[in-house]
Amino acid sequence: MGVLMSRRQTVERVQKVSLAVSAFKDGLREQPSTRRRAEAGTSRRGTLEQEVQEGEEEASAGPSQPEESSASKAAWERLRDGRGVEPEEFDRANRFTPPAFIRPKRELHDDEPPDISLEQREQIVNDEMCEICEVCTAESLFPCRICPRVYHDGCLRRMGYLQKDSTVEVTETAHTETGWSCYYCDNLNLLLTEEEMYSLMETLKNCKIIPETCLTLDDFLHYKHLVHKQQFERPMAEAQEEQAALQFNALDPDKKGHIEWQDFLSHESIQLLQKLRPQNALLRLLTLKERERARAVFLALDQDNDGFIGEGECRQARHTWFRKHQKEMQSCNVSISHVGPISEGSPASSRNGKSPEKILPATKQEEARSVDWPEFLRENVAYMLAARPNSAALHLQPPA
């Protein structure tokens, strides 16, 4: 049965033709460097040390230097535009045109305290149509656990955001407590404004970080030392170096000895947000689903219903945002018109009044300070944002 094309699909077809022509021209220019990489049998994603070594070798060779600088320029452009990694071998045949990401802008009222009430619950309703094709097919849509968008797995594959090895994982987690983050919410770098992104790129360039490469522990610590010295004009203390090493381990949960570029970029993006924006501005970044989950966690911890919890319970809550990585959670059938994945913050999970998290006993000193709802949000907002990506890495390691 024929289907009338929506305005979005018509625009995407025009964009696809333009992109194909541009990709063909770029492929002709970059074909020599691509062929050399293929003959060498090297992986596109090497460590930073390997990339620097290869760059020095090709620079000494002479003729290949223009092609390499073109590839490096393209990588920086992808970083600036928030498009992520796009290898030269990416086959765009029979694929949709990826959307053009528009970075947010700061508003005048961003620094003012947002009105997030503890008592007034917010109704969570997902979109009815796929974000990509704008077709509604009810139960076959995958909801994002952060935003109201929903997707078809076929549309995600045609856009290149869903590879064969990740299809099963998305299918199993999208309708569970674990949940799945769409390509918008999965990329923390898209939270940065153009000015903030420019600041981050300048820092990476000054520290000689090559985009789209993996970083070893030595690379990560060297980068942290340089950034600290540039910011404070003094060497990093030993305790701070140990904290950086712990953060590296959190970004490398599989103990591979290096951290992926996207995880490093997400970590640096959330660090920059903490540095440049006040907590009120960060609170405005929380989505409706994230606010509801925060309410459920706080109400579960507030056993006596007086509007306060202990400091130890507040600290423990910082670890709860990263429980999305537990794969042993049971699947549940959820209507697409409901809340998407039933998370700890969904109304369906909090009706029984029991705590969805296992709270560790707090010390007397921690229990001495009480934390109310506004303070709870301010102290946990960075961890809630850092928990958005689907990666198993902890992009902001909570203190012990």
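Helix α12 (residues 311-320) is mostly covered, with 7 of its 10 residues buried. Buried here means under 20% relative accessible area; exposed means over 50%, and partly exposed lies in between (1.4 Å probe, protein chains only). The buried residues of α12 are Gly 312, Glu 313, Cys 314, Gln 316, Ala 317, Arg 318 and Thr 320.

This is a predicted model, in which local features need pLDDT of at least 70, side-chain atom pairs count only at pLDDT 80 or more, and totals for chains, interfaces and linings use all residues. Residues are numbered from 1 along each chain as its sequence is written, and side-chain values use heavy atoms, with hydrogens and water left out.

Now the whole protein. Its secondary structure comes to 14 helices and 6 strands. Both are DSSP runs numbered from the N terminus: helices are H or I with at least four residues, strands are E with at least two. Of the 400 residues in the protein, 44% are buried.

Next comes helix α9 (residues 261-276). It has 16 residues and reaches 22 Å from its first C-alpha to its last. That is close to the 22 Å expected at 1.5 Å a residue, where the expected span is 1.5 Å times one less than the number of residues. The buried residues of α9 include Trp 261, Phe 264, Leu 265, Glu 268, Ser 269, Leu 272 and Leu 273.

Two packed helices are described by the angle between their axes and the distance between the axes. The axes of helix α6 (residues 194-206) and α9 come within 11 Å and cross at roughly 120°. Axes are lines fitted to C-alpha atoms, for helices over the stretch in contact, and angles run from 0 to 180 degrees between N-to-C directions. α6 and α9 are therefore oblique to each other. Angles under 35 degrees count as roughly parallel, over 145 as roughly antiparallel, 65 to 115 as roughly perpendicular and the rest as oblique. The crossing of α6 and α9 is right-handed: the near helix is turned clockwise from the far one by less than a right angle. From α6, Glu 196, Ser 199, Leu 200 and Leu 204 meet α9 residues including Trp 261, Phe 264 and Leu 276. By class, this contact has 8 nonpolar, 2 polar and 2 charged residues. Ala, Val, Leu, Ile, Met, Phe, Trp, Tyr, Cys and Pro count as nonpolar, Asp, Glu, Lys and Arg as charged, and the others, Gly among them, as polar.

A second pair is α7 (residues 217-232) and α8 (residues 238-251). Their axes come within 10 Å and cross at roughly 135°. That makes α7 oblique to α8. The crossing is right-handed. Among the residues in contact are Leu 217 and Phe 220 of α7, and Ala 244 and Phe 248 of α8. This contact has 7 nonpolar, 4 polar and 2 charged residues.

Finally, the loops. Glu 212 lies between α6 and β3 (215-216). Its phi is near 65°, a positive value in a residue other than glycine. Glu 212 is buried, with a relative accessible area of 11%. Lys 255, between α8 and β4 (258-259), has a positive phi of about 55°. Lys 255 counts as exposed, at 59% relative accessibility.

How values were computed. Contact = heavy atoms within 4.5 Å.
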